Amino acid sequence: MAATINKPDEIVIRHATLKDAAALIHLKKGYIKETTSIPLYVYEYTNTIVQEQEWIDKFIMQDNCALFVAEHNGALIGNLDLTGSPRQKLAHTAMLGMGVAWNWQNKKIGTLLMEAAMDWAAKNSIVSIVWLEVYSTNTGGRKLYQNFGFEECGIMKNFFNEEVSADKISMIKYL
């Protein structure tokens, strides 16, 4: 599964493999460090390569999970995970999380990742609900999710309390 933007600058969207562990750690630490829309500080992200491989393996082995990466010239520039619930009663649900390298934001990488993920979810026989949580201040992210049919379904006021307080918005898409 690949998508292309302006050859030769090809962006490849694919499922992550265990070999991506070190690059994923590097990617995540980069965008966590620069973000105002992920509730995590870079020093809190402590995965080793072995732990990251175990995390990736869960997405490979669990039928209601998928982990996509965006790659440009061999470097990872974004990732999106659909984390299906391991509980049988909730196996039809998957939580979406995404991150894009700072210098690749606002260049349609999120759209490419979302296209791949929503295509996968639509074809998955288990997942029928995809949900996510987003900062109210993340207007770009909210617009992206709305463009893919997600609807707001809940708000927790002042949930994120950093320099500027933000609400947590839950969004959902029924497949």
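Predicted model: local features only at pLDDT ≥ 70, side-chain atom pairs only at ≥ 80, totals over all residues.
Visitor: How many strands does the open sheet have, and in what order?
Guide: The open sheet has seven strands, ordered 1-2-3-4-5-7-6, and the pairing is mixed.

Visitor: Which strands stand at the edges?
Guide: Strand 1 (11–15) and strand 6 (151–161) do. Each has a single partner strand, so one side of each is left without a neighbour in the sheet.

Visitor: And what does the twist average from one strand to the next?
Guide: The average is 20°.

Visitor: What packs on the sheet?
Guide: Helix 1, residues 21–34, packs there and touches strand 2 (66–72), strand 3 (75–84) and strand 4 (93–100). The direction of helix 1 makes about 90° with that of strand 3.

Visitor: Strand 5 and strand 7: parallel or antiparallel?
Guide: Antiparallel, over seven bridges, with strand 7 covering residues 165–174. Within strand 7, Ile169 is the bridge partner of Val134.

Visitor: New topic. Where does Asn124 lie?
Guide: Asn124 is in the loop that runs between helix 3 (109–123) and strand 5 (129–135).

Visitor: Is that Asn124 buried or exposed?
Guide: Buried, because its relative accessible area is 13%, and buried means under 20%.

Visitor: What does the side chain of Asn124 reach?
Guide: It reaches the backbone nitrogen of Val127 at 2.8 Å. A polar atom of the Asn124 side chain also lies 2.8 Å from the backbone oxygen of Asp63.

Visitor: Which residues does Asn124 touch, not counting those up to four places away in sequence?
Guide: On that count, Asn124 touches Asp63 and Asn64.

Technical notes:
Residues numbered from 1 in each chain as written. Heavy atoms only, no water. Helix = DSSP H or I, 4+ residues; strand = E, 2+ residues; numbered from the N terminus. Buried < 20%, exposed > 50% of the residue type's maximum accessible area, 1.4 Å probe, protein only. Polar contact = N/O pair within 3.5 Å; in protein donor to acceptor, adjacent residues only side chain to side chain. Contact = heavy atoms within 4.5 Å. Pairing = 2+ DSSP bridges. Axes fitted to C-alpha atoms, helices over the stretch in contact; angles between N-to-C directions.
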